[in-house]
Structure formats: structure tokens, C-alpha cells
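Hello,

Here is the structure you will be taking over. My notes on it follow.

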Amino acid sequence: MPRPDIAALGTNYRRIPIVSIGRDIYNDTRLIIAKLETFFPPSSQHPAISATQSNSSPEHKVLEKLIESWVIDAGMFTRGAQLIPTNMPLLNDEKFIKDREVYTGRSWSRENVERGRPEALVFMRERFQIVEQTLLSDGRDWILGTKEPSLTDIEAVWVFHWTNGLPGALDSNLISPQHFPKVFDWVKRFDEATKAAMKMQYQEGKPPTLDGAKALDLISNSDFAEAEGVVDSNDPTGFKKGQQVEVWPTDTGFSNKDTGKLLTLNGLEIVTESQTKSGKAVRVHAPRHGFRIAANDEKESPKM
């Protein structure tokens with residue numbers, strides 16, 4: 001649903017989470033993780049979770065990226081969403097249904113959800129089978145054979161974890177601990193590991209909770225976390241620094257576009273300047289992969 005507190009920060013991005021470090025706002029989980037790994041380098045107290053930030057083998061590094069693409073670009077989340085049980089109260093809420101249709105670009109009528117369920121179940125059963133018979137087939141706890149879950153596990157597990165936690169989403173005649181014991185044990189281990197990590201964090205002090213107004217004030221009166229970047233002069237789009245552009249995700253939430261002055265453009269991210277509700281400049285970061293950038297007047301420059 002629309003989030004006015006987030007819009008007040010200067011971004012129209014619809015998905016969660018977002019992270020603000022000072023007046024730099026980071027959209028999309030993958031970019032957020034990459035930035036956190038950069039801002040907080042690995043140490044004995046804070047080990048790296050990403051293979052790219054450790055001494056992992058080239059095979060582990062590429063597997064991490066391939067699994068990220070396998071889950072996002074190959075439609076796994078979309079198929080998982082098609083398994084949302086039609087008896088959920090939210091599917092009787094006309095405002096929610098309309099919002100989801102705008103957000104995803106497809107019908108969320110009860111009839112359409114039920115029509116897509118068999119195909120989604122077949123798809124998800126195949127995904128369970130692939131992980132069961134390949135990545136976890138030798139009985140390892142974690143995909144890369146690590147002692148603790150890595151980013152590769154996070155990239156791979158979240159749709160399995162999410163659908164398993166929705167009562168009635170998975171058909172137990174097709175997908176169950178009896179059919180895929182290794183996958184279900186892996187999901188359980190991941191759930192236990194995240195709960196243990198959260199418990200440990202809370203022992204050091206529970207993070208404070210801010211309402212929208214306090215968050216806006218704190219961010220508006222902070223400095224930027226990063227130095228301003230550059231626009232790659234060889235970028236195929238031909239965009240120039242300072243040009244007014246709009247940026248949006250290509251899979252879901254594409255009706256909500258961020259607009260602003262282009263500050264940074266490279267193979268990894270797009271950064272635009274926006275303003276908070278209080279008029280302070282902020283920098284909105286989006287990953288290059290999975291996002292589109294266009295000039296405000298689309299006739300002036302091609303999309304990319």
C-alpha cells in the first residue's frame with residue numbers, strides 16, 4: 001500500500017526494505033547488502049556474508065550471483081506470490097486488490113489467483129526438487145558448505161521460507177518435508193539462525209524505533225554517507241551528469257518512479273538527487289540491474 005512516510009524521505013519506491021545512511025537512501029535489498037558490506041568491512045566480530053567480500057573460490061562467487069538471478073529474474077518470487085491462499089482476508093479487501101494490481105501489473109481477482117495456482121505449484125515443486133537433488137544433496141547444512149548461512153543461502157532461501165510460512169500456500173500432497181526433507185530442514189535451520197542472530201543483537205540493546213516524523217527529521221539533519229559519484233561517459237545510454245531522469249524497477253512497483261537530477265551512473269548503480277518533504281537534498285540509490293532509467297522527456301534519450 002502507499003507509504004507516505006517513505007515518500008516524505010524523497011523516494012517513491014514501493015518495496016521494502018529501504019535503508020537510509022545519513023542522507024543517502026538505498027533501495028533494493030541486494031544494493032543494501034552490498035553497501036553494508038562496504039561500509040562495515042568484515043571482521044572477527046562481523047564476518048562477511050557475501051562470497052565477493054571474502055576469500056571464497058571463484059565458483060562460490062559466481063554461484064552467489066547465479067542464484068540471485070535464478071530467484072529474481074527467473075520468476076520464482078512471482079510464482080510464489082501466485083500461491084497466496086485465496087481465503088486470506090486481504091483478498092477480500094478491494095483496496096488491497098487494486099493496489100496489488102497496480103503494483104504487479106496483473107489481475108489479483110480471486111478467480112485469476114485460483115486459475116494460476118496449479119501452474120505455480122508445478123513451478124515451485126520443480127524448484128524444491130532442484131535444491132533437494134543438487135545444492136543440498138550431499139547433506140550439507142548450507143549451500144556453500146560454510147559453518148554459518150551465507151548470502152548465497154539468503155538469496156536462495158527466502159521464497160521457500162516465505163511460502164512455507166503461509167498456511168495453505170503449499171500443497172502437502174506435492175511439497176512437504178516428506179517429499180523434500182533436505183530443503184525443509186535447510187529452511188528450518190535458516191529460520192533458527194536468523195532468530196538466534198536477532199536474539200543476540202537484542203542482548204546488546206534493542207534498536208530504537210522511530211516514527212515517520214522523527215525519521216524525516218533525523219535524516220534531513222544528517223550528512224551524506226558517500227561522496228558524490230560520476231556518470232560513466234561510456235555508458236550506452238548517453239546520459240549526462242545533472243540530467244533530469246526517472247528511475248524505476250522493471251518487475252514490480254514499476255508505476256512508482258523516482259525522478260531527479262542524475263548524479264551517478266555506472267554498471268552497479270544509479271544515483272539521483274531528490275528532496276525530502278522538508279526540502280533537504282537526498283541521494284536516492286538504485287541498483288542498475290533490474291531497474292530502468294529514462295530521461296523525463298523520453299523523446300530525448302533511449303531507455304536502458
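R189 and D141 form a salt bridge through their side chains, with N and O 3.7 Å apart; the term stands for a side-chain nitrogen of Lys or Arg within 4 Å of a carboxyl oxygen of Asp or Glu. The pair connects distant parts of the chain, 48 residues apart: R189 sits in helix 8, and D141 in the loop between helix 6 and helix 7. Helices (H or I, at least four residues) and strands (E, at least two) are DSSP runs, numbered from the N terminus. R189 has 22% relative accessibility, so it counts as partly exposed, and D141 is also partly exposed, at 42%. The classes are buried (under 20% relative accessible area), exposed (over 50%) and partly exposed (in between), with a 1.4 Å probe and protein chains only.

Please keep in mind that this is a predicted model: local features need pLDDT of at least 70, side-chain atom pairs count only at pLDDT 80 or more, and totals for chains, interfaces and linings use all residues. Residues are numbered from 1 along each chain as its sequence is written, and side-chain values use heavy atoms, leaving out hydrogens and water.

The structure holds 18 salt bridges. Another of them joins the side chains of R283 and E228, at 3.7 Å from N to O. Here R283 belongs to strand 6 (residues 281–287), while E228 lies in the loop between helix 9 (212–220) and strand 3 (244–249), 55 residues apart. R283 is buried, at 11% relative accessibility, whereas E228 is partly exposed, at 39%.

R30 and E155 also meet in a salt bridge, 3.1 Å from N to O. R30 is in helix 2 (residues 29–39) and E155 in helix 7, 125 residues apart in the chain. E155 is buried, with a relative accessible area of 4%; R30 is partly exposed, at 21%. Salt bridges with shared partners join R30, K65, E68 and E155 into one network.

Now to helix 6. With 26 residues (110–135), helix 6 should span 38 Å at 1.5 Å a residue, and its end C-alpha atoms are 35 Å apart, which agrees. The expected span is 1.5 Å times one less than the number of residues. Helix 6 bends by about 40° at R117, and a proline, P118, follows within four residues. The bend is the angle between axes fitted to the seven residues ending at a residue and the seven starting there. Buried residues of helix 6 include V113, G116, F123 and L135. Among the elements that cover the buried residues of helix 6 are helix 3 (58–72) and helix 8 (181–203).

Regards

Technical notes
Contact = heavy atoms within 4.5 Å.
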